[in-house]
Structure formats: C-alpha cells, structure tokens
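Thank you all for making time this morning.

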Amino acid sequence: MTALTRTPVTAPAPPSARGGLRAEFALARVEARRLLLHPLVLVSLAGYLALLLWPGGEPEDAYPVLQDIDRETQFGQLLLGLAVMIAANLGVLRSHRRGTDGAFAVLVVQPWRRTCAHVLSVLPTALVGALIVAGQFTAEALKPGAVGHGSVFELVTGPLLILLLAVLGVLLGRLIRSSFVAPLAAVAVIALAFVFVADSGSPAWLRGLAPVLFDEGSRPLPSALLGRPAGWHALYLLALAVLAAAGAVRASGGRSRAVRATALTALAAVVAAAVLQGTAPSDTVREAREVATRHPAEVQECERRGPTTYCAFPEFTPWIDEWARVTDRVRSLAGGPGTEQALTVRQKVNALDGPSGVQEPLPAAPGEVTASTAWGGERELEFAASVARGLVVGHERSEGAYCDARGVLMVWLAIRATRDGEALFDKTGDGYNSPGVIWAPVTAISLRDRELALLERLLTRPQADVGRAVRAHWAELSAAGTTTDRAAALLGVTAPAETAADREWMCA
C-alpha cells in the first residue's frame, strides 16, 4: 500500500530589486496605455481640445495679455484631471470589480509595487496636459497683439493638477474598495474650487488650499504687480501629489524607511507651501502697486506722435499703435482746435488690491485721457469715448448724464471712430442693460433717452454730411451751454421731445 504525502505550497520568492523595477515599469506601461485610452479620458480630452480649437472668438481675443493667459490654461486642466482621477481609480479597482484579487497573490510582484506602477502610469497623462498647455500658450503668444509675460509656475500648475488628481484616484482605490468614491471626490473638488473658496474676497490662505488659485479682477495688471504665489502653489500641488502617492504605497504594504521619509518630507513641504502662499505680497510688490496706481508716470514709457503723447507700462507699449489709430480717427472727425489739441493718453490701473481688485482706476489729470490694460472689441469703443471726452470736455470727472450737445457729440465721435462702432454700442447697451451708456475706462459717458434718440437719428444720416456739420459747428457743439435742441438744428435733424423720465436725470 502506497502512502500519500502532501507537499506544502510555498509562496514565490520575492523578486530582486532590479527584477521588481522591470516588472513595475512593464505594468506601468500597460496601465498608462489603458488610462490614456479610457473612454472618459478620451471624451474629456476631445471636449477640451474642441473648446480650444473652436473657430471664432471675441475681438479682444486678438490682444491677449499673457500674464492672464497662463492662468486661463488651468481650468481646462482641472476638468481633464478630474476625468483622469476617476479613470485611474477604476484602473486600480479593476481586479476587485472582476474578482481576480486572489490571483495576484501568486504573482512575484508585491501589492505595493503594483501601486507604484499605477502611480507611474499617470505620468503620461500629465505630460499630455503639459503639451496642451504649451500649445495653448504658444498660440496666444504668437498673436500679433499679444503683450506681457507668462509665468512658468502658472503654466506648470495645470499639469500638476492632473498629476495630483490622478494620484488621488490611486490612493482612493487603495483605501476604499468602491468605484463610487472617485466621482464623489470629483464633486467635492469642484465644490471646493468653485463654491467654497473661489470668492476673491476669501482669505489668501483659504484660497491657496483650493486646486486653482482664483484671482480675477476687472482688468489685467502688469506682471510685476501680480504678486501671486504661483511658485509656492505649484510646490503645494506637487508635494500633495507625492504625499498621496506615498500614502497609496503605504496602504498597499510598502512600509520601508524610504516610503516613510518620502511621506514626511512631502507633508512638511505641503505645510510650508500652504503657509507661504497665504502670506501677504512682499513690500516691493506693494510699493510697486502703489506707484503704478497713484503715480503711473514714474514707471511708464512715453512716445509723442503729433499733438498726442502716449504713455504705457513697458509691457503694453506695442498697443500704442492701436491707440494712435483710434485717436487719429477721432481727431479727423473733430473740428476747430480739436484736431490739434494737445492730449496725453495715459494707461491707468488700480492695483492696490492686486489681481483680485475690481476698483476702477483713478481719473486722469486734466488734459489726459485713460487707456486700460485690455484692448479689442468693446474696449476700443470705450477708449474712443475716452479720447472724445478729452477733446470735448477735458476731464474725466463723473458729474452725471450729458443732457446737452456734448454728450451726443462725444458718443457720435466714439462710434464713428471705432470699427463696427454701431454694433459695439448696441452690444454694450444690451450687455449692461443700459442703452445710451459707454463704459469708458474710468467713468461712464451716459445719455438720457432724448439725447440717445437724437444720436440714433444722426447715425441714420450719411456720415459725411454729419461730419461736415460737426467740423463747421465744433465750437458751439462742444460748448457746455449748447442745448440738445440747438445741437439738432446745427446737425440738420429734428430734436426729440423731452419726456418726464428725461427730467429725472442728474445732468452734468
């Protein structure tokens, strides 16, 4: 009789360090390909690229300010990163969903090494994000009207967002065995970024904890005045990604000294970056903001062209040609001394609150008109109105609506001196629900219904005929005491009747 003996099954010997690395990289390549071809990632990537490449755009898009464009690259990256986070989480949970976890127990690659492979697999998606950012920023920088300087730290923020969110998906997959956690985390990230801390009035330290530093003001600022902690925020995102990766490896059984040291170092970097990005701008930045706001002439470059002197912050001097084109057009429509009247066009900002500020610049001195740090489309009409006001009124003080010939004259000059002026004037009124108002760079030029009706009648007449009347009667039309009735008679149209609503306006 033969005795039966049982031979015990022993676990496979762990691989050597070199063999383990080769196995990690091989698995990482496979998972990276799966991640890049995941339907959710492909759909989000296609939608992202479609928005970037969609033809058209607003006229002001032809004049990008690069220190704003580098920040605009981050929002699409955030949404792409959320899709990658969900896909990476599903990749980690694939064996759990398919019930094949037990089969991995007989492999020579330990669980923590498989986690390392999943972490490495997200790097190509971050690289794709970086390529998109580079292409988007380069396309904007190559536009003839582009001005300013981008920040490397702002540009790397988008790819770091993808990296952080993807690694977070891996960590969640190792901590919680549920495919519903990543979508819930995506909702939480959106709520954190767009609801709870997106308000520019929130404390700087709180806004710094969000994935994206929201800091949007009314107008772009020269790059030296931004004072954004972009470098510290980039370090914050990178350190968070490393911390999440170390946490995922540790949750998978990787408890070596290297993992602990990496986690502790990343945690220290996260705390330091979070503290430093919440500190106030340096004294140098605050002083520069004060000077640029209250004494811009001290830091601007000026260029004289005929009777007009143009002064701009150094980054914005390429726009002087555009300002001169509009200014010359306004002068050509004017009459008498308006054609040769000395005028200074000065670029103004209100940078006291940094890029989150919404306050308008201070009014220019008498004899000066304001140019803003944005250009194109409605901004061109606003600048034309500013020049017209400088020639007709001579100051930018807000004293109410113009209930006389001056208001009609200024708005007519602005519309006729601007490309597609009538369409822009209608668009401005519809956008702000304020027909008869041009939102000039500092203070608006407002017309009552009566003056607006007179303007509309002038716009229906041939421009050459109205232009001859304007030049012939410039002195009287630009005088403060000329009534709307007299302006209508001088310009050859019938004056509209005054209504009860017109009499309620405060007139300049």
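Predicted model: local features only at pLDDT ≥ 70, side-chain atom pairs only at ≥ 80, totals over all residues.

Let me begin with the interior. In soluble globular proteins, nonpolar side chains tend to be buried together. In the model on the screen, the largest nonpolar core has 66 residues, and the residues with the most contacts inside that core are Trp323, Val330, Trp412, Leu413 and Leu455. Helix H15, which runs through residues 405-416, gives this core its largest share, nine residues. If we take Leu413 as an example and set aside residues up to four places away in sequence, we find that Leu413 touches Val330, Leu333, Ala334, Ala388, Val392 and Trp474. There is also a second, separate core of 46 residues, and among its members are Ala182, Ala186, Ala193 and Ala241.

Which residues of H11 are buried? They are Val259, Ala266, Val270, Ala273, Ala274 and Gln277. What they pack against is helix H9, residues 204-208, and helix H10, residues 230-251. On the face of H11 turned away from that buried side, we find the exposed residues Arg257, Leu264, Thr265 and Val275.

Helix H12, residues 283-294, can be read in a similar manner. Its 12 residues, at 1.5 Å each, should span 16 Å, and the end C-alpha atoms are 16 Å apart, which agrees. The buried residues here are Val285, Arg289, Ala292 and Thr293, and since they cover an arc of only 95° around the axis, they lie on the same side of H12. The face of H12 turned away from its buried side carries Thr284 and Glu287, both exposed.

Let me move on to the spaces in the model. How many cavities of 30 Å³ or more does a search of the whole structure find? The search finds three. The second largest cavity holds about 50 Å³ of space, and its lining is made up of Leu36, Val41, Leu45, Leu80, Val84, Thr125, Val128 and Ile162. Helices H2 (39-53), H3 (66-92) and H6 (123-141) each supply at least two residues of that lining.

The largest pocket contains about 1,100 Å³ of space. It is lined by 41 residues, of which Asp61, Ile69, Glu72, Gln136 and Glu140 are the closest to its centre. Here again H2, H3 and H6 each supply at least two residues of the lining, with the largest share, seven residues, coming from H3.

I would like to finish with some individual residues. Thr308 lies in strand S2, residues 308-312. Is Thr308 buried or exposed? Its relative accessible area is 0%, so Thr308 counts as buried, the cut-off being under 20%. Leaving aside neighbours within four places in sequence, Thr308 is in contact with Glu303, Thr327, Arg331, Leu343 and Val345.

Gln463, by comparison, is in helix H18, residues 463-472, and at 29% relative accessibility Gln463 counts as partly exposed. Although Gln463 and Arg416 are 47 residues apart along the chain, their C-alpha atoms are separated by 8.1 Å. Not counting residues up to four places away in sequence, Gln463 touches Arg329, Leu333, Trp412 and Arg416.

Lastly, Asp420 is found in the loop between H15 and helix H16, residues 421-432. Asp420 is exposed, at 62% relative accessibility, and its phi is near 55°, a positive value in a residue other than glycine.

That is the end of the tour, and I am glad to go back to any part of it.

Methods. Residues numbered from 1 in each chain as written. Heavy atoms only, no water. Core = buried A, V, L, I, M, F, W, Y, C linked by side-chain atoms within 4.5 Å. Buried < 20%, exposed > 50% of the residue type's maximum accessible area, 1.4 Å probe, protein only. Helix = DSSP H or I, 4+ residues; strand = E, 2+ residues; numbered from the N terminus. Contact = heavy atoms within 4.5 Å. Expected span 1.5 Å × (residues − 1). Arc of directions from axis to C-beta. 1 Å grid on protein atoms, 1.4 Å probe; cavity = no way out; pocket = protein on both sides within 12 Å on 5 of 7 lines; lining within 4 Å. Points joined across faces, edges and corners; volume = space filled by probe spheres on them.
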